[in-house]
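Q: I would like to learn how to read the contacts in a model like this one. Please show me the chains and then take me through them.

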Number of protein chains: 4
Amino acid sequence: MVERKKTVHHYLYSKDKDVLLQRMRKIEGQARGIQRMIEENRYCPDIIQQLTALTHAADEVALLLLQDHIDGCVAEAIRGEHGDPMIRELMGVIRRAMRR
Amino acid sequence: MVERKKTVHHYLYSKDKDVLLQRMRKIEGQARGIQRMIEENRYCPDIIQQLTALTHAADEVALLLLQDHIDGCVAEAIRGEHGDPMIRELMGVIRRAMRR
Amino acid sequence: MVERKKTVHHYLYSKDKDVLLQRMRKIEGQARGIQRMIEENRYCPDIIQQLTALTHAADEVALLLLQDHIDGCVAEAIRGEHGDPMIRELMGVIRRAMRR
Amino acid sequence: MVERKKTVHHYLYSKDKDVLLQRMRKIEGQARGIQRMIEENRYCPDIIQQLTALTHAADEVALLLLQDHIDGCVAEAIRGEHGDPMIRELMGVIRRAMRR
């Protein structure tokens, strides 16, 4: 199962891999920028706004991964007529992402 | 006004500064960890879960800053009888944080 | 297309229809209860807590419908090899639900 | 304490009471509309969209109540130099509202 997953994954988000990595590097930079703001005693609402922007960016990465997951693993499982556990897992992912 | 803000701020979240910086460094580390997961073609739901954890951690930092802001700037403005613009600004911050 | 959708739907969430209707009636009751709290000048945080509960209940209904939608329409479209527009639509639904 | 709260409250959101009640009646209507959609076997994404609209409307009511609460009870407590427990309670309310 794990082996299969790994193989499937190889094809899954590889097309978006550069975009995903680029966005995560930007989020890493945002996290560093917020540290600087805290060190410089910047105004709280301004820092919170940057945290909201970081969170928003992380949500976008999650949504892109989710789409790739549905396009890839979930669709493959459904075509192979063993979609049920995959959809259950997917619902758990969506639920946690919605609730944060 | 800006000058005043800066002075007020100095006292504001200074007590939580170390905690805030420590948490932001952890978030920076989480962002790097997620990059590694993407590079290693890890399973999408596992990456999304780490993004949810990062988002959750960023929300906690925002809530701590929000509390310090209310304890500090907002409370001071209210005591000084000029709380109204501060509360309006605060509501904007909360609204954006809720909507992401 | 619309015709097809209607037919598909018939089978879609029919199994959960009673549960869904029951939950929506409960949400309707919560909305009425909150009106009563406002009329009785109840304490704001208590009313907000009831609004949070209502929102939570609405999210649960949305998640159940989402699961039924993926189990039904989306899975059918994927099996019929025309899953792409369905998945795009699905991602829009998830994105809006996450952002509220 | 409870007695005091009641008195304070009387003045608190009374100015927005009509707006709040009107919005809650609209939300009640939305909950009924969604029941009708379910009964008529309407398309899942369309129902989910209506649930998102309902949730959005409930958030707006919560934000208005939150503002009235901060303008009223919280500001009064801060002026009376016993703001700390009120701010702690407020943070709990905001945290739960953000997490849903």
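Predicted model: local features only at pLDDT ≥ 70, side-chain atom pairs only at ≥ 80, totals over all residues.

A: Residues are numbered from 1 along each chain as its sequence is written, and chains are lettered from A and ligands numbered from 1 in the order in which they are written.

Q: How many residues does the contact take from chain A and from chain B?

A: Two residues are in contact if their C-beta atoms, placed from the backbone, lie within 7 Å. Here chain A gives 44 residues and chain B gives 44 residues. On the chain A side, helix 3 supplies the largest share, 19 residues; helices are DSSP runs (H or I, at least four residues), numbered from the N terminus.

Q: What rotation superposes chain A on chain B?

A: Copies are superposed by least squares on the C-alpha atoms of residues with pLDDT of at least 70 in both. A rotation of 180° with 0.0 Å of shift along its axis does this, at RMSD 0.0 Å, which is the relation of a two-fold axis. The same surface serves both copies, as 100% of the contact residues of chain A recur in chain B.

Q: At what angle do helix 3 and helix 4 of chain C pack?

A: Axes are lines fitted to C-alpha atoms, for helices over the stretch in contact, and angles run from 0 to 180 degrees between N-to-C directions. Helix 3 (residues 44-79) and helix 4 (residues 83-99) of chain C pack at about 165°, with axes 9 Å apart, so helix 3 of chain C is roughly antiparallel (over 145 degrees) to helix 4 of chain C.

Methods. Helix = DSSP H or I, 4+ residues; strand = E, 2+ residues; numbered from the N terminus. Parallel < 35°, antiparallel > 145°, perpendicular 65-115°, else oblique.
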